[in-house]
Amino acid sequence: MAGAYGERVSSEQRQTSEQDRPGWTRRRVVIAGAGMAGVQTAVALREQGFTGPVTLIGAEPHQPYDRPPLSKAVLLGTAEGSAFDVDFEALDVELRLGVEVTGIRPAEHELDTEAGPVPYDVLVVATGARPVILPGTEGVAGVHLLRTLDDAERLRPVLAQQHRIVVVGAGWIGAEFATAAREAGCEVTVVEAADRPLAGALPAEVTAPMTSWYAECGAELITGAPVAAIEPGEVVLGDGRRLSAGAVVVGVGARPATDWLAGSGVELGADGSVTADDGLRTSLPDVYAVGDCASFPSRRYGERLLVHHWDNALQGPRTVAANIVGDLPDVYDPVPYFWSEQFGRFVQYAGHHTDADELVWRGDPAEAGWSVLWLGEGALKALLTVGRPRDLTQGRKLIEAAAHVDRARAADPSVPLKSAVA
């Protein structure tokens, strides 16, 4: 993120007249969670002219940091960290780091933490998600997760020693870690319980070309292989096979970090997410939720979405801030977007394809660059691009505009996607 955010807020914004909004500037906003969503909420509040006290509480002791570099530069030792370029002092944002939140008492308007209660006028829940832990692996030597800065620091010497590594899970994080481990010279085997990589994210016909990426990178991919047990130095598969492993990295998904909200009155969905409304308000008054921990109703796609990606944690805070400081309600209904760098390829996805009724290939998946489009009644609903960033940029705008496309022209990779509008 370019620029120090503390320098972006003008003196006029920081000195909004209290006569214009009686009592508004004296409201205390407390943000639980110091990841991307929490930090961006604090930044957005200041950028939108809020001058009241803002407290940002983070469970980790580190200066707030960005997560995507953890599976790349930080893991490989080409960067020492990924702290946000935010001047919290200039923004007049109080940081309380190394403090775990434990509950909410809405009647008292207090957030409970390990360090004691924290009063709030407005509370923003931005506690993110926690990785799913394979049963029986807690405390087993050599088993790692990759979610935090400390996780990445523990894994750096593992890669430096070029251990034989078994990665459990062929999702986005598994592919990114396998890429980094191969780059570090490690022998890598990826095991996946489903019959293909990214089974929970993309249809089989789209993931089929991706299967060969593992072998091209020198990693072994074993699909249809649930893990029965992880023992020191070995991974035992469901069919009895045993894989030797100097280290095991588990990447089998994440769940919203919302256990601490049980019994608070904040409504949670079956997936554990806070069921926010279209303004990212929770079921409790004066409490918002944003980022990986919150689902929201999408008018665009006609269903509730839970988006565990960086862009959602970047965009959602602007809506939260607008609804905290604004007179008019702001609605959150984005076109979801994410990217992944794996096996020498830049993969991007925009939209939501579950209600699409037609799949259109754009280019040859055997080549370096190709795209897949999902259409619903002729309108572009989603697209995935591999090495075709221009397709992504143009396609995202077409999705936002609910544009219909001509199927034949859209399938021709020589035609700019913006020129395929029907």
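S295 counts as buried because its relative accessibility is 1%; buried means under 20% relative accessible area, exposed over 50%, and partly exposed in between, with a 1.4 Å probe and protein chains only. S295 lies in strand 20, residues 294-298. Helices (H or I, at least four residues) and strands (E, at least two) are DSSP runs, numbered from the N terminus. Beyond its neighbours within four places in sequence, S295 is in contact with S273, V274, T275, A276, R304, L305 and L306. Contact means heavy atoms within 4.5 Å.

This is a predicted model, in which local features need pLDDT of at least 70, side-chain atom pairs count only at pLDDT 80 or more, and totals for chains, interfaces and linings use all residues. Residues are numbered from 1 along each chain as its sequence is written, and side-chain values use heavy atoms, without hydrogens and water.

The protein chain has ten helices and 26 strands. Its C-alpha atoms fill a box of roughly 65 × 60 × 40 Å along the principal axes. Among contacts between residues at least 6 apart in sequence, 61% join residues at least 24 apart.

| Share in the protein chain | Value |
|---|---|
| Buried residues, of the 422 residues | 50% |
| Residues with pLDDT of at least 70 | 93% |

pLDDT is the predictor's confidence in each residue, from 0 to 100. The protein chain averages 92. Over residues 1-23, pLDDT stays under 50. The model has 43 contacts beyond four places in sequence for residues 1-23. Where pLDDT is low, the predicted coordinates should not be read in detail.
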